[in-house]
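Please look through the sequence and the model below before reading on. The text then takes up a few parts of the structure in turn.

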Amino acid sequence: MRTEDVLAAAGTGLWRWDHATGLVTLDATAAGLFGLPERYTTIGEATVRARVHVEDYIELYRVATLSAAEERIGESRLRVIAPDGTDARTLRARVRAHGEGDDFAMSGTLMEVPPSTAVAAPLGRDWRLSREAFLLDAGRALAEARTTGEVLRVAAGLALPGFSPDGLIVFGVEAGELTVVGHHGYAISATPQRRQAARGFAPTLDSPYPAAEAIRTGRAVYVPGPAEYQQRFPEAWPYVKEFGRCAWAYLPLIVGGRTIGAWMASFPEPVSFSPDERSVLTTVARMLAQALARTHVFETERELSADLQHTMAPAANPDIPGAQLIARYVPTGGGLQIGGDWYDVIPLPSDRVALVIGDVQGHDVRAAAIMAQLRIALRAYAAEGHRPDTVLSRASRFLSGMPLSGDDRFATCLYLEADPRTGTLDVARAGHPDPAVRLGDGTPVQRPTVGGPPLGVVPDWSYPTTRITLQRDETLLMFTDGLLETGGHTLDTGWARLAGILRGEPADDLEKLADRLIEGVHGPPSHSHTGPLTDRREDDIALLLFSLQHPQAPERRLVVTVDQAAPGRIAEARHQFAELLHDWAGADQVDGAVLMLSEMLTNVLVHTDTDARLTVEITGPPGGRRLRVEVADGSDDLPRRREPGEMASSGRGLLLMENLADAWGVDPRGDGKATWFELHERSSEPG
């Protein structure tokens, strides 16, 4: 014989209540004990709450919470309420629950027991006690709701015995029109009839609609039956009747003396709306208004936080040929979730890129504002062509000169200029954690760099530069101290935690690696490996991962300086340059390259009063090599394109590069400019 058959013969039913989903599952016996048709069924918890005495429901909730916390069986009494308000029967519920908070689920048995008193008292005799218990439960649930959706779900589950709305709509006001903030139990515009009725009825604030009247007057509107609705609001009735409700209550939502909307509760049966019932609805409307106002502020702050984070992040990471860049930003958990951590990616001339990561002191709006200004300043200095050391020196002077009204702030920063072609990284550091590199075999190592104090501490500090070479399949890590110290860690123990993650992850997917690093700090694993500090420090986190796919070291390199006082060295530079190209496949390209070099050097000596610094680099295998020639000088005057006449003796330099070079340009530098061109090796065309 089955267990279910034995329990049914003994009048014992089985049930399960999942509070997270709001669903109650009953077998046939349990359904009959609740006064429902005796068949296996799944119903909403609001239906069960409407059939159970409020005090017993609250007690059951407490028993379930305690059962989940202590992992033991709980027992509670449930008085099932008849339609006339009397106790129909008394049930004993034995349950075992699991879960946390409002996400608990419980299951157990139900059986009828003798009532505790000889005569069942009508519900109306202890209405005041039931109402107080109900309102306490409703207030607690609404206070814990964190979003508008949660508030609506809580409101949908609020039900008194014999007084249970099965639909609700929260209206707001926008530009003189009613808007639906949220609804439960309604399928808005679900049928052609409803859509057709809606086209003939526009619920504005001035329309003859109960919700509009409640908002205009600040007084509740109660409609106990369909006939009265049709009589009082004939224009709205064709639209409303399609939903099949029989009673309605429209209550204004008032916060601080200001009406922010209206709450409509609809009922499947006519309701008389006695003074006690109206009192309960009015009190719930007040709590609902406070909850909606609070969640609106919370959601507005979250939206503002998201907008600020989006605004402060780079508009789009540039496409860096031959490199991959992955970024993450995780705000701190409190307030507006904004702070002083930031990262930036700045495209530079000649396919170079600047990677910046920093942290302004503090976790408030002021820190975010300072960070935004500092980020703009760094971009401006980088665009001027300054080297990393000069960029940080000027940024420190900029920050120390900002008017902060006595609220002095400093910022740490790691500024790196990368050349993806060669893998060279020029690093300048201002009080920031050192970068790290994950080697090709997965070994993580820190890369100590020479640094200086944080920006803004010493205005005229000269920051040194450290050069690092990043090999193929190696990954560079730049991060703020939040990645190390969150979870009660020091810099040393935090690095040990990161090193363990880096060793255990494959190197071919930087997206997954970035996610694992963040999860290791903020996810469940972090709570099992707290650091030695007594508190769990929570801080913003910014993270950059950068890897090169095909870095190439120059096969040949030539560096020559042509002094302003020694123009004869131009011929010597041409000779050395031609020797460097002795096996270049295209003879015509060699002649063109020598001609362009001569023009570039001559222009510096003729049109400026500075020396010319020549740098030549050849990379790649024979037959597919790339030649890059760069001539730098100390003048800020940029060359101008001219149209020389047939007899002109100058002005042809830029025209030559336009016609002969595969790529060319002029890059501003902090101490002048650099004119450059590139050629890709190809054989001479057959004559």
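This is a predicted model: local features need pLDDT of at least 70, side-chain atom pairs count only at pLDDT 80 or more; totals for chains, interfaces and linings use all residues.

At what angle do the axes of helix α18 and helix α19 cross? They cross at roughly 150°, and the two axes come within 10 Å. Helix α18 covers residues 569–580, while helix α19 covers residues 587–607. Angles over 145 degrees count as roughly antiparallel, so α18 is roughly antiparallel to α19. The crossing of these two helices is right-handed.

From α18, the contact is made by Ile570, Ala573, Arg574, Phe577 and Ala578. From α19, Ala593, Val594, Leu597, Ser598, Leu601, Thr602 and Leu605 take part. Sorted by class, the residues of this contact are nine nonpolar, two polar and one charged.

One residue of this contact can be followed further. Ser598 has its place in helix α19. Is Ser598 buried or exposed? Its relative accessible area is 16%, and buried means under 20%, so Ser598 is buried. Which residues does Ser598 touch, once its neighbours within four places in sequence are left aside? Ser598 is then in contact with Ile570 and Arg574. Both Ile570 and Arg574 are listed on the α18 side of the helix contact.

Helix α12, residues 365–383, and helix α13, residues 388–400, have axes that come within 10 Å. These axes cross at roughly 145°, and the crossing of α12 and α13 is right-handed. In α12, the residues that meet α13 are Ile370, Gln373, Leu374, Ala377, Leu378, Tyr381 and Ala382. Their partners in α13 are Val391, Leu392, Arg394, Ala395, Phe398 and Leu399. The contact of α12 with α13 has eleven nonpolar residues, one polar and one charged.

The chain averages a pLDDT of 80, and 81% of the residues score at least 70. Where in the chain is confidence lowest, and where is it highest? The lowest value belongs to helix α7 (residues 192–199), with a mean of 47, and the highest to strand β21 (residues 475–479), at 93. Over residues 194–201 the pLDDT stays under 50, and for these residues the model has 14 contacts beyond four places in sequence. Residues 645–650 also have a pLDDT below 50; this stretch has four contacts in the model beyond near neighbours in sequence.

Conventions: Residues are numbered from 1 along each chain as its sequence is written. Side-chain values use heavy atoms; hydrogens and water are left out. Axes are lines fitted to C-alpha atoms, for helices over the stretch in contact, and angles run from 0 to 180 degrees between N-to-C directions. Helices (H or I, at least four residues) and strands (E, at least two) are DSSP runs, numbered from the N terminus. Angles under 35 degrees count as roughly parallel, over 145 as roughly antiparallel, 65 to 115 as roughly perpendicular and the rest as oblique. A crossing is left-handed if the near helix is turned anticlockwise from the far one by less than a right angle, and right-handed if clockwise. Contact means heavy atoms within 4.5 Å. Ala, Val, Leu, Ile, Met, Phe, Trp, Tyr, Cys and Pro count as nonpolar, Asp, Glu, Lys and Arg as charged, and the others, Gly among them, as polar. pLDDT is the predictor's confidence in each residue, from 0 to 100. Buried means under 20% relative accessible area, exposed over 50%, partly exposed in between (1.4 Å probe, protein chains only).
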